[in-house]
Amino acid sequence: MSAAIIEKYGDARLPRYTSYPTAPNFSPDLDGLDYPAWLKALPEGQPTSLYIHIPFCRSMCWYCGCHTTITERDRPILDYIEILHREIELLASARDDGFSVGEIHFGGGTPTIIRPEEFIALMDAFRNRLGFASAVNAAVEIDPRTLTREMAVALGQSGVTRASLGVQSFDPKVQKAINRVQSVETTMDAVEYLRRNDINAINFDLIYGLPFQTVESCVETVEAAVTMRPDRLAVFGYAHIPSFKKHQRLIDEAALPDARERALQASAISEALVAAGYVRIGLDHFALPSDELSLAQTEGRLRRNFQGYTTDACDALIGLGASSIGRLPQGYIQNEVPPGLYATRVSKGELPVAKGYRLTPEDRLRGDVIERLMCDFAVDVAAVAAAHGFDAELLLRGNDRLDELERDGLIEHRNGIIRVSEDHRFIVRAAASAFDAYLNKSGRSFSKAA
């Protein structure tokens, strides 16, 4: 892989395309009555997902890009859980037919900061007030440093089926530099607690591009991680945006690897995981060959949503909690971001909508093209356009970004079919961005992307 290609595309500031249009294009102008109407319009029995955001942690990890608040006290957390229950009631009252919840994902922050009995009560409320489908997959993000035996028992009793553990790096020097000290033994204990309570689907999150990280330490982290045999691993590049996330200013920028080193770290992690028997899924996920994610990729039914690559095929996603984003067939809805404002709105009996986006037919077309590229590294633009009732030339003619990728030898474009080069999978977001009508309004080339 040439240094010029890495230099040009490696640090391009591009969306992760977990939605289209992406969140910066959401507008506060969406009518507050739209959301209840969209909820009422869901057909009875419509498969539905829930995302619940818990915006609290005990300490700040300096690399973090999430919406979270640091608290040593339990009172703010308990108050927030009370408001979540009120939001559940508001959602329940918006529909006479209830929902058919088949997927649940707790994100954060640190969802397991909740007391065990509060977690059980929340799951009961989802079941009793919103309604479950015949089968439910429930996932929770976990900080292994704070997971207790009692919480693991509560997760198992509540029906949690998957746990996603933050690992990032096992290198002590890196851990100190990001204010997250977590031993291999601590992580092993968390995995044991979960498996002892029949939560056997385990995901690890790893990060490359952190301060003082090296190719060698990345591989050593992988070697330690695979001894615990997680079913899946998600591998992300650290995004340093101190102007947006002030706590990232505590990271020594001089210790951050450059674009070439980041590319080498990502490649080394990928090679080590494949050598350990994992299948590469999309851009940044890995899974055992028997895992449902691997099967979905093989069968062409891999999806992408706010949690990354997924097998969740629900067309309706409802977000609960501060800052959470949902998607219904008509468009996107985002709740108020500050927890205090979120709580005020809910306390007034209002669904706490801050902004949203009503999808157009062209948005749906572009979104499908982008999703297939992100999942399959190839897309038949002509076929997808025809399925949406559009001419493929709308997307292909005069597409300067696409032409630039083709000139650089990174994609192949024949008869309306786009394929990303196997040797340059890391540029798939650049390929997806070629179909992003909002990003392309700027007319900038990749080398100037911001």
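## Ground rules

The model is predicted, so local features need pLDDT of at least 70 and side-chain atom pairs count only at pLDDT 80 or more, while totals for chains, interfaces and linings use all residues. Residues are numbered from 1 along each chain as its sequence is written, and side-chain values use heavy atoms, with hydrogens and water left out.

## A three-stranded sheet

Let's start with an open sheet of three strands, in the order β17-β19-β18, with antiparallel pairing. Here strands (E, at least two residues) and helices (H or I, at least four) are DSSP runs, numbered from the N terminus, and two strands pair if DSSP finds at least two bridges between them. The edges belong to β17 (378-380) and β18 (411-414); each has a single partner strand, so one side of each is left without a neighbour in the sheet. From one strand to the next, the twist averages 5 degrees. (Axes are lines fitted to C-alpha atoms, for helices over the stretch in contact, and angles run from 0 to 180 degrees between N-to-C directions.)

β18 pairs with strand β19 (residues 417-420) in the antiparallel sense over four bridges, and Glu412 stands opposite Arg419 in β19. Helix α12 (residues 361-376) touches β17 and β19, and its direction makes about 145 degrees with that of β17. Helix α15 (residues 400-407) touches β18 and β19, at about 115 degrees to the direction of β18.

If you're checking peptide bonds, look at Tyr20 and Pro21, which are joined by a cis bond with omega of about -5 degrees. Pro21 sits in the loop between α1 (3-9) and α2 (34-41). Another cis bond runs from Gly108 to Gly109, with omega near 10 degrees. Gly109 is in the loop between β4 (100-108) and α4 (116-130).

Asp198 has a phi of about 65 degrees and lies in the loop between α7 (184-196) and β7 (201-208). With 62% relative accessibility, Asp198 counts as exposed. (Buried means under 20% relative accessible area, exposed over 50%, and partly exposed in between, using a 1.4 Å probe and protein chains only.) Phe212 has a phi of about 70 degrees and is found in the loop between β7 and α8 (215-226). Phe212 is partly exposed, at 34%.

## Salt bridges

Side chains of opposite charge can pair when their charged atoms come close. The rule used here is a side-chain nitrogen of Lys or Arg within 4 Å of a carboxyl oxygen of Asp or Glu, and the count by that rule is 21 salt bridges. One of them joins Asp74 and Arg115, with the closest N and O atoms 3.6 Å apart. Asp74 lies in the loop between β3 (69-70) and α3 (75-93) and Arg115 in the loop between β4 and α4, so this pair ties together parts that are 41 residues apart in sequence. Asp74 is partly exposed at 29%, and Arg115 is partly exposed at 36%.

Arg129 and Glu89 also form a salt bridge, with the closest N and O atoms 2.9 Å apart. Arg303 and Glu371 meet at 3.0 Å, N to O. Since Arg303 is in strand β11 (residues 303-305) and Glu371 in helix α12, the pair ties together parts that are 68 residues apart in sequence. Arg303 is partly exposed at 26%, whereas Glu371 is buried at 12%. There is a network as well: salt bridges that share partners join Arg58, Asp74 and Arg115.

## Where α5 meets α7

The axes of helix α5 (residues 149-158) and α7 come within 8 Å and cross at roughly 35 degrees.

Which residues in α5 and α7 meet? Arg149, Ala152 and Leu155 in α5 meet Tyr193, Leu194 and Arg196 in α7. By class, the contact has four nonpolar, no polar and two charged residues. (Ala, Val, Leu, Ile, Met, Phe, Trp, Tyr, Cys and Pro count as nonpolar, Asp, Glu, Lys and Arg as charged, and the others, Gly among them, as polar.)

Definitions and conventions
Contact = heavy atoms within 4.5 Å.
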